Structure formats: C-alpha cells, structure tokens
Amino acid sequence: MATNQSLNHFHIRTIEKRDEKRIWEIRNHPEIRKQAFRSEEIPFSFHRIWFNQRLALDRAKFFVLEKTGPEMLIVGYCRYKPIPQAYEISIAIDPTYHQQGLGSKLMNETPSRVPKRKIIARVKIANKKSKDFFEKNGFSLTRTFSDHYELIKQDT
Ligand SMILES: CC(C)(COP(=O)(O)OP(=O)(O)OC[C@H]1O[C@@H](n2cnc3c(N)ncnc32)[C@H](O)[C@@H]1OP(=O)(O)O)[C@@H](O)C(=O)NCCC(=O)NCCS
C-alpha cells in the first residue's frame, strides 16, 4: 500500500516534447485502450500529430506524474481539454502502478493549476472502475448516455 511518504516520490509537471514516446506507451497499453472510446492501437505517427497539437495548443493544461529518483519514469498523465465553460478531463495511469493512490494524487493536485472551471469526465459504461474512481474523487454522476456516463465536479 502506498503511503503519503511514497506518494512524495512522484511529482507533477507540465508536459514536454521529450515525453512524446512515454505518453504513447501509456496510451497504447492494452488495458488503457480497452477503457478508451476508440480501442484500437494508436500508430506512433498518429500519436505524434496529436501530441504536437496538444503541445502547441494546451501544454499548460497537460500534466504528467513522474517517479523521481534514479529510475525517473512517467507513470501517468492528465489533460484538461477546454470546452465551453468547462474542461473535459482525460486521465490515465500505467496499469503497473494502479491502486496506489497515484490517479487520485494527479486528479486532486492538478485542478488548482488551471484557471477555475467545472470539470467533466466521460466514462464508458463498461468502465465501472473509473466511474467509481471519479465519484470517490468528488465528481457526481449527471447523465447516463447509451455508451457512457457523464460526471461533473463543480468546484475547482
Ligand atoms: C482511472 C485510473 C486513472 C485510476 O488510477 P489509479 O492510480 O489506479 O487510482 P487510485 O489508486 O487513486 O484509486 C483507485 C483505487 O485504489 C485505491 N487506493 C487509493 N490509494 C491507495 C493506496 N495507497 N493503496 C491501495 N489502494 C489505494 C482507491 O481507494 C481506489 O479504490 P477502489 O478501486 O476500491 O475504488 C486508472 O484506472 C486508469 O488509468 N484507467 C484507464 C484510463 C481511464 O479509464 N481513464 C478514465 C477516463 S478519462
């Protein structure tokens, strides 16, 4: 079980160009693909275009969680996509590091780093684990669509 002390071995920073390949690895992990709306593998060439657009347009709202020390490694990322009067959040932790409080750390420590707006999460119906995760972290279920849940956190 991760302790507050071991969580201190992970720090949050905004995305950099050098993170391109590691973010691709996490996005393409089979367990992460399964939970995404489009589950097919992402070719690196497609990822590169997406990643460079994100760097150019919303770098300040795209964060990585990095393990510090000699084996420095990005273990997850979180992105706040601006939409009218809100952000849509996208968060993923490398499955090797799940269930250690890392997703919660990233989720709770990043909203204060972006201008205040409500945050919307969209979670596939089959992704019960993530729905629970958002609810435990202060989101409320607002709507259920045929393929996904919409959850909102008002006060950020
Ligand atoms: C959703 C996601 C980011 C959660 O990441 P995570 O790092 O596993 O999250 P946490 O560890 O903070 O919380 C998950 C569980 O671990 C528990 N936990 C928290 N701290 C813990 C600790 N120190 N030790 C053990 N378990 C802990 C939490 O209570 C929670 O328990 P639950 O499964 O009973 O609800 C991750 O599952 C993921 O990447 N999913 C795929 C992508 C996705 O679906 N994203 C959401 C849509 S954008």
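Mentor: Start with overall size. A compact globule of 156 residues would have a radius of gyration near 15 Å, and the protein agrees because its value is 15 Å. That radius is taken over C-alpha atoms, and the globule rule is 2.2 Å times the number of residues to the power 0.38. This is a predicted model: local features need pLDDT of at least 70, side-chain atom pairs count only at pLDDT 80 or more, and totals for chains, interfaces and linings use all residues. Residues are numbered from 1 along each chain as its sequence is written.

The protein has six helices and seven strands. These are DSSP runs numbered from the N terminus: helices are H or I with at least four residues, strands E with at least two.

Now the close look. The axes of helix 2 (residues 20-27) and helix 4 (residues 44-58) come within 10 Å and cross at roughly 115 degrees. Axes are lines fitted to C-alpha atoms, for helices over the stretch in contact; angles run from 0 to 180 degrees between N-to-C directions. Helix 2 contributes Glu-20, Ile-23, Trp-24 and Arg-27, which meet Phe-44, His-47, Arg-48 and Phe-51 of helix 4. Contact here puts C-beta atoms, placed from the backbone, within 7 Å.

Helix 2 also holds Arg-22. Arg-22 counts as partly exposed because it has 16 C-beta neighbours inside 10 Å. By that scale, 20 or more is buried, 12 or fewer is exposed, and partly exposed lies in between. The C-alpha atoms of Arg-22 and Ser-45 are separated by 14 Å, with the two 23 residues apart along the chain.

How values were computed: Contact = placed C-beta atoms within 7 Å.
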